[in-house]
Amino acid sequence: MEQFAIRGGRPLTGSVAISGAKNAALGILAAAVMADEDVIIHNVPDVDDVNILLETIADIGATVERLSRHDVRINGSTLNSCVVDNTFIRKMRGGYYLLGALLGKYHQAEVALPGGCTIGTRPIDQHLKGFELLGARTEIVNGMVVAKADELEGASIYFDTVTVGATINVMLSAVFSKGRTVLENVAKEPHVVDVASCLNSMGAKIKGAGTDLIRIDGVEKLHGTEYTVIPDQIEAGTFLTAAAVTRGDVTVTNVIPKHLDCITSKLRDIGCTIEEYDDAVRLYVKKPLKGTKIRTQPYPGFPTDMQPQMTVVLSTVNGTSTVNETIFENRLTYVDELNRMGTDISVEGNIAIVNGVPKLKGAQLSAPDLRAGAALVTAALAAEGDSVVDEIKYILRGYEDFAAKLRQLGGRIEMVSSETEARKFFMQVV
Ligand code: EPU
């Protein structure tokens with residue numbers, strides 16, 4: 001089992017290039033099968049979730065060619081099955097975008113119920129509601145979501161809750177629905193906009209992505225395109241918090257600074273210095289940091305996917321902070337792990353009360369999910385002494401070359417596959 005061995009106590013410094021956005025790429029790769037011509041996608045992150053989706057797309061017959069590590073060609077004309085099921089896809093979330101894509105294109109889809117990080121119950125009722133309002137019949141049979149339609153017709157759909165997944169999924173089907181679809185109370189995340197932009201570059205007629213209301217005029221066909229995935233806002237945010245918790249000086253490059261405002265504004269509040277450039281953001285710490293209040297919200301609010309990383313930073317600053325997780329009901333379980341490093345955090349319902357401590361201590365840790373796993377790694381880099389983080393399979397799902405990028409910033413971290421290897425690393429590392 002792979003683990004990260006980490007020797008903490010050194011500020012991270014330098015610059016690091018951010019990869020393509022995982023959650024945008026998942027939607028875009030599913031969208032690509034909707035055309036019967038070549039769709040070439042650039043800046044595709046080489047992370048496990050994306051690679052599983054690519055393998056799954058190939059499994060159902062679409063042509064998938066890796067042109068290079070981050071460039072992929074997909075052609076949906078060879079697709080020969082609308083049944084999407086394998087052991088890996090059942091464990092991730094983004095596979096459910098094939099439901100919207102296949103239902104839109106072929107009027108039928110059968111996709112394994114989504115898994116993903118265990119951060120809450122994560123229902124898909126709003127996806128199904130959207131498909132049904134477009135004219136599909138949906139049911140869950142033996143762990144598979146089955147959606148079928150004789151015809152799909154544009155409709156007015158008001159989402160009961162703001163959801164990234166349902167916004168993207170229903171948008172995918174509506175592209176091929178007859179007439180106009182209006183989606184209201186939609187998610188405004190940059191990756192929603194990115195999927196819409198890619199679809200528009202394939203000939204879709206989508207307006208309003210990035211606002212509360214998306215209007216889609218159905219088309220009969222999509223054509224090929226060449227499209228570049230946006231940089232990963234959460235990966236960038238994770239490196240900025242790693243800089244903050246180690247009191248370092250890090251520049252993230254290849255980013256869209258505007259997408260990071262929701263994160264950098266909080267880092268500024270606690271006393272970090274942030275400098276913005278055209279496509280880079282620098283964070284450094286020149287004075288003692290102080291506590292704040294965080295409440296996770298849909299974009300442009302503070303992202304739930306940055307909540308654990310920010311809590312790690314707050315655990316080391318002066319004063320008391322509160323972190324209110326409002327999106328997922330079970331996304332504070334990592335706090336027990338963190339407290340083993342000497343933090344002083346208590347949880348009441350969905351609120352973490354964080355009393356800052358001057359120092360973290362290395363510990364044996366286990367990553368409970370993707371973002372909390374990454375957060376524990378940043379804590380270990382800041383801590384005095386050595387840590388081992390196991391269950392890193394979660395982290396590898398969403399961060400490309402995580403250890404190598406941290407090493408580039410001076411972090412002492414190595415992926416090891418046994419206790420012996422970890423001991424060897426700790427003996428040799430300076
Ligand atoms: N929800 C419903 N019904 C639905 C769909 C969602 O009640 O039909 C609720 C959820 O339970 C949750 C809220 O709506 O309380 C928001 O869920 P959303 O649909 O936005 O989340 P998701 O699509 O399942 C995506 C990302 C997550 C990210 C969330 C929120 C992907 C593959 N996953 O999940 O990313 O946390 O949006 O931004 O895009 C991650 O990358 O680590 C990750 C967990």
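I began with arginine 247, which lies in the loop between helix H7 (233-245) and strand E15 (249-253); helices (H or I, at least four residues) and strands (E, at least two) are DSSP runs, numbered from the N terminus. Phi of arginine 247 is near 55 degrees, a positive value in a residue other than glycine.

I noted that this is a predicted model, in which local features need pLDDT of at least 70 and side-chain atom pairs count only at pLDDT 80 or more, while totals for chains, interfaces and linings use all residues. Residues are numbered from 1 along each chain as its sequence is written, and side-chain values use heavy atoms, with hydrogens and water left out.

Next I looked up proline 300, which is placed in the loop between strand E18 (293-295) and helix H9 (307-314), and found that a cis peptide bond joins tyrosine 299 and proline 300, with omega about 10 degrees.

An oxygen atom of the ligand is 2.8 Å from an N or O atom in the side chain of threonine 163, and a ligand oxygen atom lies 3.3 Å from a backbone N or O atom of proline 123. For glycine 165, I recorded 3.0 Å between a polar backbone atom and an oxygen atom of the ligand. Taken alone the ligand exposes 820 Å², of which the protein buries 91%, by the Shrake-Rupley method with a 1.4 Å probe.

Conventions. Polar contact = N/O pair within 3.5 Å; in protein donor to acceptor, adjacent residues only side chain to side chain.
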